[in-house]
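Q: Could you take me through this structure step by step? I am new to it and would like to begin with the overall picture.

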Amino acid sequence: MSADVQFASLPENSTTKASPASGKLAAAALRFGSLLAFAAILVIFAATAPYFLTVGNIGNVLGQSAISGVLAIGLTIVLIAGGSNVVTGGIDLSLAANMGLSAAVYATLIQLGFSDVVATAAALATGLAIGIVNALAIVFAGIVPLLATLAVMNVVAGLELVLTQNTVLPASTDLLTALSSSDGFGIPILAYVLIGFTIIATAIVQFTPLGLRLYAVGEFPEAARAAGLPLKSLVVGAFVASGFCGGIAGILSVAYLSGSTTGSGEMLLPVVVTALLGSVFSRRLVPTIGGTLISTLFVGFLINGFQLLNLPSTLVSGVQGLLILIVVSATTLLRKREI
């Protein structure tokens, strides 16, 4: 199976067709309904938790969301290039495990006496290598992305356990101290890292010919092929970029936790929720980097509000799972109406 087959994501026929006006109305309801839900959550938590909308807490949410935000942006790039079908198109389930192994590599090298430069390069190389393995499995071996990245996730998680012996490897360097510190207003440096990374990713994905080609490959693969675009190379690049994001998130994770983590798998659900939810915050209901940043803040404020109200963490997971069902169902139905 070639990669060209992977992106035949939309059904060829539909038995029911809705008028364009009703389709636009449904899309507007989904888009503005999401924004209203975001605003409602802010109002509810602000009313019930007085500390919720303070500058310090907003900064904390941004800082705490930096790791998941970087991972979600990596997944968004895969969603853009892979298409709307998360089963046969754009999905990377190995991202959270990628972050865990990259963090373990970084912490291990620091413990062995290597410098920040060497540890950073090794962590980023680890992320890139995982992205390359995903790309080879999907594009050249023809494995469905959902299964390929699921298999890679388990392999990577196993390597992390071998490296760390299922323990936290502490690490402390000047770079980690700088990343984990706050500015004069009490805003974590990680918050600025998230904003800066988002600006760079937005500039590349939303405002360059490369970004337009990624959208073309994901949404209109036949047209992209007819136009002579290198489909396989662009998909490979998307998965490699996603792996690189995993390496960056690994370094941020070491800074945030002062060491490696044994619970990186718990990051998978929030990252998938954030990346999928980003579509409903875009004008055309497609994955965008800006939409992913808004959804990162949405999920971050949701988790933070639950923590301030001492609500059980299991409830947060339930809400995140519900959000996936709602977003995927709504966007799928809207796409069927457009056919």
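**Overall picture**

A: The protein chain exposes about 15,100 Å², and carbon and sulfur atoms supply 71% of that area. Accessible areas come from the Shrake-Rupley method with a 1.4 Å probe, and for residues only the protein chains shown count as cover. This is a predicted model, in which local features need pLDDT of at least 70 and side-chain atom pairs count only at pLDDT 80 or more, while totals for chains, interfaces and linings use all residues. Residues are numbered from 1 along each chain as its sequence is written, and side-chain values use heavy atoms, with hydrogens and water left out.

Q: How many helices and strands does the protein chain have?

A: The protein chain has 15 helices and 0 strands. Helices (H or I, at least four residues) and strands (E, at least two) are DSSP runs, numbered from the N terminus.

Q: What percentage of the protein chain counts as buried?

A: Of its 339 residues, 50% count as buried. Buried means under 20% relative accessible area, exposed means over 50%, and partly exposed lies in between (1.4 Å probe, protein chains only).

Q: And what about contacts between residues at least 6 apart in sequence: what share joins residues at least 24 apart?

A: The share is 78%. Contact here means heavy atoms within 4.5 Å.

Q: Which residues touch the most other members of the largest nonpolar core?

A: They are V70, L71, L75, Y106, L252, L277 and F298, in a core of 91 residues. A nonpolar core is a set of buried Ala, Val, Leu, Ile, Met, Phe, Trp, Tyr and Cys residues joined through side-chain atoms within 4.5 Å.

Q: What does L252 touch?

A: Not counting residues up to four places away in sequence, L252 touches A66, I67, V70, L179, L190 and V193.

Q: Where is L277 found, and is L277 buried or exposed?

A: L277 belongs to helix α13 (residues 268–277), and L277 is buried with a relative accessible area of 5%. Beyond residues up to four places away in sequence, L277 touches S295, F298, V299 and V327. The C-alpha atoms of L277 and V328 are separated by 8.5 Å, and these two residues are 51 residues apart along the chain.

Q: Is T76 buried or exposed?

A: T76 is buried, at a relative accessible area of 0%. T76 lies in helix α4 (residues 66–82). Its neighbours within four places in sequence aside, T76 is in contact with A275, P287, T288, I289 and T292.

Q: Where is I91?

A: I91 sits in the loop between α4 and α5 and is buried, with a relative accessible area of 5%. I91 and L276 are 185 residues apart in sequence, and 10.0 Å apart in space from C-alpha to C-alpha.

Q: Changing topic: how many salt bridges does the structure hold?

A: The structure holds 1 salt bridge. The side chains of R225 and E222 meet in it, at 2.6 Å from N to O. A salt bridge is a side-chain nitrogen of Lys or Arg within 4 Å of a carboxyl oxygen of Asp or Glu.

Q: Where do R225 and E222 lie in the chain?

A: R225 and E222 are 3 residues apart in helix α11 (residues 221–226), so about one helical turn separates them. R225 is partly exposed at 28% relative accessible area, whereas E222 is exposed at 54%.

Q: How many aromatic pairs are there?

A: A search of the whole structure finds 4 aromatic pairs. In the pair of F45 and F52, the ring centres are 5.4 Å apart and the planes lie at 50°, so the pair is tilted. Rings of Phe, Tyr and Trp (its six-membered ring) pair if their centres lie within 6.5 Å; planes under 30 degrees apart count as stacked, over 60 as edge-to-face and the rest as tilted. F45 and F52 are both buried, and ring pairs link F45, F52, F301 and F306 into a cluster.

Q: Which residues other than glycine have a positive phi?

A: Among them are Q165, with a phi of about 55°, and S258, with a phi of about 60°. Most residues other than glycine have a negative phi. Q165 is found in the loop between α7 (145–164) and α8 (174–180) and is exposed at 59% relative accessibility. S258 is found in the loop between α12 (231–257) and α13 and is partly exposed, with a relative accessible area of 45%.
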